[in-house]
There are 2 protein chains.
Amino acid sequence: MIADAPLPLVTLDDIRSAAARISGIARRTPLVYGSTSPSATSLRLKCENMQVAGAFKIRGAANMLARFGRDELADGVITYSSGNHAQALACAARLLGVPAVVVMPTTAPVVKVNGTRAFGADVVFAGTTSAERKSEAERLQHARGLVMVPPFDHPWIIAGQGTVGLEIVEDCPDVHEVYVPVGGGGLLAGVAAAIKALRPDARVIGVEPAGAAKMSRSLAAGSPVTLESAASIADGLLPLRPGDLTFAHARALVDEVVTVDEDSLRDAVRYVAREARIVVEPSGAASVAAVLQRYGSAADVARPVVAILSGGNIALDEIAAILAD
Amino acid sequence: MIADAPLPLVTLDDIRSAAARISGIARRTPLVYGSTSPSATSLRLKCENMQVAGAFKIRGAANMLARFGRDELADGVITYSSGNHAQALACAARLLGVPAVVVMPTTAPVVKVNGTRAFGADVVFAGTTSAERKSEAERLQHARGLVMVPPFDHPWIIAGQGTVGLEIVEDCPDVHEVYVPVGGGGLLAGVAAAIKALRPDARVIGVEPAGAAKMSRSLAAGSPVTLESAASIADGLLPLRPGDLTFAHARALVDEVVTVDEDSLRDAVRYVAREARIVVEPSGAASVAAVLQRYGSAADVARPVVAILSGGNIALDEIAAILAD
């Protein structure tokens, strides 16, 4: 039996091209201190929760749409997503004047459904798993002649997300570790491609909920594994299976993928609000949960560490409930 | 009868010198977008809630301490404050290895008392008004040979706070309006001195709670007025009287001082959490309350407007209660 040829990984050139392509749509987000304590200066937070549409996802979506000609997009675009990619695609499509359809799970947070509709997208609900919404999206894609913009497993999406890594190195040239929340692995793949090209000695650490450890399990197995189920307060990190391409990046480039439990996700949301004065959704705080698990507090971080806050789309009553806890 | 000679105002040179003096202690805070909506790009928030010790106050305190010789500070420093200046002085003193005493009102928020003690300061409680704690602080100053670092009415304090204005102009060179929360008026005075020197056409607008309108009332009267009482959720904006020097700056340099009501302060805290993903205390959100009063939303701001988030020292249960409301 002959092994499959390895999938080609996204290059630094791909990511730099993406950065130029999306510069009119995505924002350069701030890299802020992880605490207002004068002695806590080594932990920095990359604020993708302040990105357009509230998450890093606009980077990949905008990069992919920019690769198509206007006439190719005329009938519209479609995707499947639990929320943040949905909002990002809807936002990017509206900025280009292109119709968008989004297939979301019936369990999607209301704030993410409303955010998607606010950008004018047509929201279709299908099941609760990534597989169910993907199959419905593919059916609609072919029935209506739409362009599919997948949530993570595509080189143009990964290259777009990788622009986060470029900005981290620009703002923190001596970065020692980067912690990245892992849903399908698009952000992890892109950031790892950028960081390892620019700073080979820096460590890239993926973080996923213990209840949705698809990338950890896949790396241990040596190939993508499909979980039977996934459950976590981190609703953006629940895909049952990493992508083939995101997995290939993780295996080749990522130093480590760690898991965090539900209490630590809530603690991290509170920590970020109290110490850094930032509102982050539980999925976006997974990176900080892993930092706290390893170091204890921002003041105990001795070398430059960056935690990516990947999103901030959370309803006020939900963040209030976590903060009051 | 001969009028008093006008008080000399802080100059751009004073502020630039302060910036150099405090650069090792205070942080350069980020100027972020006021919303994640792609169409809301003109409102920016100056994040002094992310400053060391959680408020702009460290700038003035550090500048003033740096003007003294080490031997002059040997017996320690003292101040009176409702909270944020207390924490800032305690923090700056600890960084210099100098003892600090802080006189706080019996009504100071626990989070600010604890923050002050965490920096090693000796907290003394005295009454509920600025006048009561000032008189107790002056008594202790003379009894113990301490150096007084007043919360706002001193040219070195004002020059330190003015460094916020320098950074705003650097990061937003075409700034059209700057909204500044007003407690005793130190931040307003310093920012106005910087902005008017660098961008004479930009408008500087002070904002205070309707329940503590000491600067508005004083400007209307033509000289500093002492309120009979003050009440607001914005606990950092409750001095009963502006300083003589801060008033002189406001009269000479500030275009307008507006008031905001209690509901609009709470609404502004929620707006900043929902739209900008930032945790701010009610005092620090007064600037945003005034922007929303004038424009309606961030998307309706057409020219570059900066709202200073002056502080973020609020307990998690208090911010949770406001967000859940």
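Mentor: Let us begin with axes, which are lines fitted to C-alpha atoms, for helices over the stretch in contact, while angles run from 0 to 180 degrees between N-to-C directions. Helices (H or I, at least four residues) and strands (E, at least two) are DSSP runs, numbered from the N terminus. This is a predicted model, in which local features need pLDDT of at least 70, side-chain atom pairs count only at pLDDT 80 or more, and totals for chains, interfaces and linings use all residues. Residues are numbered from 1 along each chain as its sequence is written, chains are lettered from A and ligands numbered from 1 in the order in which they are written, and side-chain values use heavy atoms, with hydrogens and water left out.

Trainee: Why are H8(B) and H9(B) called roughly perpendicular to each other?

Mentor: Helix H8 (residues 214-221) and helix H9 (residues 244-253) of chain B pack at about 65 degrees, with their axes 10 Å apart. Angles under 35 degrees count as roughly parallel, over 145 as roughly antiparallel, 65 to 115 as roughly perpendicular and the rest as oblique. H8(B) and H9(B) are therefore roughly perpendicular.

Trainee: Which residues in H8(B) and H9(B) meet?

Mentor: Met215(B), Ser218(B) and Leu219(B) of H8(B) meet Thr246(B), Phe247(B), Ala250(B) and Arg251(B) of H9(B), where contact means heavy atoms within 4.5 Å.

Trainee: What describes the relation of H12(A) to H12(B)?

Mentor: The axes of the two H12 helices (residues 316-324 in chain A and in chain B) come within 8 Å and cross at roughly 155 degrees. H12(A) and H12(B) are therefore roughly antiparallel. Among the residues that meet are Leu316(A) and Ile319(A) in H12(A), and Leu316(B) and Ile319(B) in H12(B).

Trainee: What makes S1 and S9 of chain B edge strands?

Mentor: Two strands pair if DSSP finds at least two bridges between them. Six strands of chain B form an open sheet of mixed pairing, in the order S1-S2-S10-S7-S8-S9. Strand S1 (31-33) and strand S9 (256-260) of chain B each pair on one side only.

Trainee: How many bridges join S7 to S8 in chain B?

Mentor: Five bridges join S7 (residues 177-181) to S8 (residues 203-209) of chain B, and these strands run parallel. Val178(B) has Val204(B) in S8(B) as its bridge partner.

Trainee: Why is a two-fold axis the relation of chain A to chain B?

Mentor: Copies are superposed by least squares on the C-alpha atoms of residues with pLDDT of at least 70 in both. A rotation of 180 degrees with 0.0 Å of shift along its axis superposes chain A on chain B (RMSD 0.0 Å). That is therefore the relation of a two-fold axis.
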